[in-house]
Amino acid sequence: MKNLMLSTTAVVALAGAALADEVRVYNWSDYIDEDLLTKFEEETGIDLIYDVFDSNEVLETKMLAGSSGYDVVVPSGTFLQRQISAGAFQKLDASKLPNAENLWDVVEARTAQYDPDNAYSINYMWGTTGIGVNVGKVQEILGEDAPMGSLELVFNPENMEKLQACGVHFLDAPTEMIPAALKFIGEDPDSHDPDVIAKAEPILLGVRPYVTKFHSSEYINALANGDICVAFGWSGDILQARDRAAEAENGVEIAYNAPSEGALMWFDQMAIPVDAPNPEAAHVFLNFIMDAQNMAQASNYVYYANGNEASKEFLVEDVIGDPAIYPDEATLENLYTTTPYPAKVQRTVTRMWTKVKSGT
């Protein structure tokens, strides 16, 4: 902790009089231990304005419009890459980030495909996209041998028609759902070929009538409360739902599985907008987050893996020892990543997703 204090103080000193007393952060919903926000203010004397969003599309609209008003934002890898190309971010000043030495080279090697040399961002959390189930309800409907660890569960219309009785949520995220549908039929999930991408449409439309809602955060509580029985969502969210159900002792058993066919490995990256009102304070915030104990506290709260090697010794066993959070080597090798769609292809994807969501 002394190291953190020294590092933060040093960065604040570097900022000097130019450093205002406020930093604005825009992060995903349900994605940090709020005690860390208080701790940051107490240790730095900087007021923290913390707002949340629940889809990359919402964040990207703000970023590409310019003048977002935020000092730190948290896009996922593919969106970060496109936004870097659009000139939305400023390069990080390594001299103001001494805690960057804590970062994990394995994760940095993977995030470099979105941010070459990791010049514009640091990894906050990473994880997989997969299937959350209410074990009891799904087995009651589909039997003991229900394919809970397979894309067959959510993309086979026969299964989905039965599961609609207990409720199914899908992410409102075409960059997650379309690759998964392509993976299900044996196509390249990272394809940018419109003809290949089009093959996902009948898969998604085939199960659309049985999807209760497309939303990127509501499924956490819906799963935990037993309001739905299946969610295709982010690993940490589903594990949060699992733990909320356990704490409530409501008889709901939630399980998460990365699909056996292969799951998307995603990365949420912290970056500083090119027009950030207070880039000095933004660096102070990033350095604070990269402290090993602070990063561990965040992971221990949200149940996501992080890109901070030094934080591992401070992670609780429920996090570091859970293969759904920190997968074994075999599972890691079966994960895939995606890259941004070119603008013309993105328009095709957006049209398809609008059609899928409307069901027409």
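Strands, like helices, are DSSP runs numbered from the N terminus, a strand having at least two residues; in this predicted model, strand β9, which spans residues 264-271, gives the most to the lining of the second largest cavity, with four residues. Helix α4 (77-85) and helix α9, together with β9, each supply at least two residues of that lining. The second largest cavity holds about 110 Å³ of space, and of the 13 residues that line it, those closest to its centre are Thr-78, Glu-176, Leu-264, Trp-266 and Thr-338. By residue class, the lining of this cavity divides into six nonpolar, six polar and one charged.

The lining of the largest cavity is made up of six nonpolar, five polar and five charged residues.

Helix α9, which contributes to the lining of the second largest cavity, also packs against another helix: α9 (residues 174-184) and α18 (residues 343-358) meet at an angle of about 85 degrees, with their axes 11 Å apart. Angles of 65 to 115 degrees count as roughly perpendicular, and α9 and α18 are therefore roughly perpendicular to each other. On the α9 side the contact is made by Pro-174, Met-177 and Ile-178, and on the α18 side by Val-349, Met-352 and Trp-353. The residues of this contact comprise six nonpolar, with no polar and no charged residues.

How values were computed:
Residues are numbered from 1 along each chain as its sequence is written. This is a predicted model: local features need pLDDT of at least 70, side-chain atom pairs count only at pLDDT 80 or more; totals for chains, interfaces and linings use all residues. Side-chain values use heavy atoms; hydrogens and water are left out. Axes are lines fitted to C-alpha atoms, for helices over the stretch in contact, and angles run from 0 to 180 degrees between N-to-C directions. Angles under 35 degrees count as roughly parallel, over 145 as roughly antiparallel, 65 to 115 as roughly perpendicular and the rest as oblique. Contact means heavy atoms within 4.5 Å. Ala, Val, Leu, Ile, Met, Phe, Trp, Tyr, Cys and Pro count as nonpolar, Asp, Glu, Lys and Arg as charged, and the others, Gly among them, as polar. On a 1 Å grid over the protein atoms alone, a cavity is a set of points where a 1.4 Å probe fits but cannot get out, and a pocket is an open set with protein on both sides within 12 Å along at least five of seven lines; lining residues have an atom within 4 Å of a point. Grid points are joined across faces, edges and corners, and a volume is the space filled by probe spheres set on the points.
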